[in-house]
Amino acid sequence: MAGQVKSIKEIPREELFAPGHRLCAGCGIPPLVRIVLKAVPGPKVVVTATGCLEVATTIFPYTSWRVPWVHNAFENAAATASGIEAAFRILEKKRGIKRPKIIVFGGDGGTFDIGLQALSGALERGHDMIYICYDNEAYMNTGIQRSGATPRGAATTTSPAGRVIPGKMERKKDLLGIAIAHGVRYAATLNPAFPVDMYNKIVKAASVEGPTVLHYLCPCPTGWRFDPSRTIEVARLAVMTRMWPLYEYEDGRYRITVMVKKPRPIEDYIKLQGRFRHLLQPENKWVLDQLRRDVEEFWERLVRLASASE
Amino acid sequence: MSRLVISGNEAVALGVKLSRVQVVAAYPITPQTAIVEKIAEYVEKGELRAEFIRVESEHSAMAACIGAAAGGARAFTATSSQGLLYMSEMVFWAGGARLPIVMAVVTRALAPPWSIWCDHNDALSQRDSGWVQLWAESVQEVLDMTIQAFRVAEDEEVLLPVMVCLDGFILSHAYEPADIPEQSAVDSFLPEKKPAPYWLDPSKPAAYCTIAAPDTYMEFRYEMYRAMKNAERVIKEVDEEWCRLTGRSYGGLVDCYRCDDAEVAILLCGAWAGDAKEAVDILRRKGVKAGVVRLRATRPFPTEDLRAVVEGMDALAVVDRSLSPGLPSILWSEVRAALYDSVKRVYVKGFIAGLGGRDVTPGDFIRIVHSTLEGFRRGEPGEVEWIGLRGGESGHH
């Protein structure tokens with residue numbers, strides 16, 4: 001497909017996301033934003049839901065964005081994008097202005113939870129936009145509270161690992177399953193340890209007319225409690241343990257883009273992170289087993305869907 | 001120009017069409033729904049070249065209008081009651097973001113108890129949102145005000161969103177004859193919207209609605225406050241210009257009826273001004289020098305115009321179709337604050353009436369005027385009296 005790359009060296013060098021922002025050292029967000037702005041060709045407009053990305057990159061009078069950018073609260077980035085897309089459709093018809101691609105960035109709170117209705121509406125209406133969820137698996141901007149994206153067993157400030165309840169007891173929502181059920185033509189998972197896979201998926205999403213949804217694992221050294229120098233290592237382990245399968249859905253077909261034939265034990269991923277550390281204690285083995293079952297079940301379902309697509 | 005018999009809701013839709021609105025995002029709610037149904041029809045028939053976004057909620061309706069206006073388009077929505085409260089976060093956002101959106105608010109009581117009938121608590125609950133709030137009395141005024149609202153909103157000295165408030169059912173579903181201006185006349189008054197001055201211009205990247213620390217936040221709010229002051233002048237100018245075009249003027253911020261020599265006046269906003277005017281005609285025939293002061297704008301609040309109008313009057317009856325429990329009523333409090341610095345302070349008595357659509361007749365207004373004059377003569381405090389309360393105020397403990 002046009003615009004796709006085989007190696008990281010082919011990724012354009014132009015940076016539309018300027019340094020100097022206030023995101024934490026080791027934050028997983030900048031690698032995503034930089035690559036998105038490189039991979040989406042032509043004019044673009046960015047909408048960002050309230051969250052880490054918004055507060056850390058646009059402290060008035062500064063901005064890290066070298067593209068038009070707007071923030072309109074927390075739960076409605078997709079609805080805002082609908083309006084922008086409609087405005088540019090009119091400008092295109094009446095004034096011949098080339099219609100930009102609308103790119104939305106929302107965190108997991110703004111996507112899985114409070115923003116799900118607005119996202120559902122926008123997907124159902126079919127607006128031309130790339131919706132990207134940067135999923136750091138909790139409300140990090142407000143100080144690490146549990147969200148619908150927090151994996152089972154993880155400790156947050158509102159699901160602390162206590163003696164009675166050892167962390168979050170519920171399973172993570174299947175965001176892409178929800179998006180795909182809306183009939184989107186393209187959806188995919190992304191991971192910063194696999195930049196070529198990520199770049200090529202964004203290129204594909206940008207080529208689709210209509211809504212597409214990308215789901216990015218966004219390691220958060222502050223909330224997950226790991227050494228900020230190990231962001232990419234943690235991200236890679238998420239894939240190698242099958243905690244974060246890399247796959248894509250395209251016009252009814254599923255494809256696992258990074259096949260993990262021999263997975264590493266999930267303990268390899270978990271033991272690097274303070275949020276999961278309590279799961280390694282013998283009395284919490286049952287939670288760890290449940291989490292392992294979640295991971296196995298999802299992977300098996302994905303393999304079935306992918307093989308049915310062949 | 002043609003003359004048609006149309007409803008208040010149709011007048012809004014027609015005003016939207018004549019204003020060549022580019023993006024409409026709306027969600028159904030009684031009694032507003034007929035507006036967006038009519039607009040949908042215009043779009044489907046090709047009579048209005050606009051994008052119509054059938055959003056999944058009022059919150060998203062205003063969010064989409066914010067996106068559309070930020071994208072440079074002329075944007076419109078309409079709502080009522082619970083819908084307005086549901087979108088309230090975005091209503092305040094549109095004000096703060098200084099986006100010239102126009103919204104028709106077909107005023108309706110708030111629940112519980114559930115009510116689909118008219119009062120003003122929905123619109124007035126948003127009075128600090130940074131929206132210009134205009135109130136219509138007739139179907140003709142609804143049509144004219146809708147068109148004027150875009151001129152006010154888009155004026156570069158204003159750049160604030162504008163609410164056109166019309167009474168649920170009483171005006172939204174009332175059919176009256178109205179003069180429909182020619183499209184060419186409206187085009188000369190309100191040219192097609194250009195994406196300016198501030199928008200998500202792909203050739204000039206800028207960031208909007210960023211975070212402002214305590215060292216910059218207040219200045220943004222001060223600019224909004226200044227813009228609202230500017231709106232006082234712009235609303236009047238637009239009213240005058242519209243009059244030159246159509247021969248119809250409504251008096252800018254305040255519409256005065258038989259006020260020149262009035263000793264007492266009824267002050268209110270909305271469609272029931274018609275009943276108040278009828279009451280005044282009856283009172284005049286009986287020798288009571290009464291008038292009606294109708295607020296066309298509650299934001300900006302017409303403090304100076306109001307002082308000038310009531311100068312020389314003995315007493316003012318402020319009739320609220322809304323309630324602020326503990327205050328107890330909104331216009332009464334605002335009018336009293338506005339007149340506090342008058343050289344000769346007029347006596348102001350408050351009334352609460354017509355909540356949840358309870359009928360208020362010219363007879364009620366006559367009683368209101370008499371009660372006000374009595375309070376003035378006896379030197380009683382101008383406290384708030386409930387009108388038409390079953391069993392009276394003493395019967396409700």
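Visitor: Where is Trp386(B) placed?
Guide: Trp386(B) is in strand β16 of chain B, residues 384-386. Strands here are DSSP runs of E with at least two residues, helices are runs of H or I with at least four, and both are numbered from the N terminus. This is a predicted model: local features need pLDDT of at least 70, side-chain atom pairs count only at pLDDT 80 or more, and totals for chains, interfaces and linings use all residues. Residues are numbered from 1 along each chain as its sequence is written, chains are lettered from A and ligands numbered from 1 in the order in which they are written, and side-chain values use heavy atoms, with hydrogens and water left out.

Visitor: Is Trp386(B) buried, exposed or partly exposed?
Guide: Trp386(B) counts as partly exposed, because its relative accessibility is 30%. Buried means under 20% relative accessible area, exposed means over 50%, and partly exposed is in between (1.4 Å probe, protein chains only).

Visitor: What does Trp386(B) touch?
Guide: Leu323(B), Ile352(B), Leu355(B) and Glu393(B), not counting residues up to four places away in sequence. Contact means heavy atoms within 4.5 Å.

Visitor: And how far is Trp386(B) from Phe92(B) in space?
Guide: 31 Å, C-alpha to C-alpha. In sequence, Trp386(B) and Phe92(B) are 294 residues apart.

Visitor: OK, domains. What does the assignment give for chain B?
Guide: Domain 1 covers 2-246 and domain 2 covers 254-386. The bounds come from an automatic or database domain assignment.

Visitor: How many residues does each domain put into the contact?
Guide: Domain 1 of chain B gives 30 residues and domain 2 of chain B gives 27. The C-alpha centres of the two domains lie 28 Å apart.

Visitor: Zoom out. How many helices and strands in chain B?
Guide: Chain B has 13 helices and 16 strands. Its radius of gyration is 21 Å, close to the 21 Å that the globule rule gives for 397 residues, so chain B is as compact as a globular protein of that length. The radius is taken over C-alpha atoms, and the rule is 2.2 Å times the number of residues to the power 0.38. Along the principal axes, the C-alpha trace of chain B spans about 70 × 55 × 45 Å.

Visitor: What share of chain B is buried?
Guide: 59% of its 397 residues. Take the contacts in chain B with a separation of 6 or more: 81% of them are between residues 24 or more positions apart.

Visitor: Switching to chain A. How many helices and strands there?
Guide: Chain A has 11 helices and 8 strands. Its radius of gyration is 19 Å, close to the globule rule's 19 Å for 310 residues, so chain A is as compact as a globular protein of that length. Buried residues make up 61% of those 310.

Visitor: Where is Pro31(B)?
Guide: In the loop between β2 (23-26) and α2 (33-45) of chain B. Gln32(B) lies in that loop too. Gln32(B) is buried, because its relative accessible area is 0%. Beyond four places in sequence, its contacts include Asn9(B), Tyr27(B) and Val106(B). Gln32(B) and Val106(B) are 5.6 Å apart, C-alpha to C-alpha, and 74 residues apart in sequence.

Visitor: And phi? What is it for Arg225(A)?
Guide: Near 60°, a positive value in a residue other than glycine. Arg225(A) is in the loop between α8 (221-224) and α9 (231-240) of chain A. Arg242(A) also has a positive phi, about 65°.

Visitor: Is Arg242(A) buried or exposed?
Guide: Arg242(A) counts as buried, because its relative accessibility is 19%. Arg225(A) counts as partly exposed, at 45%.
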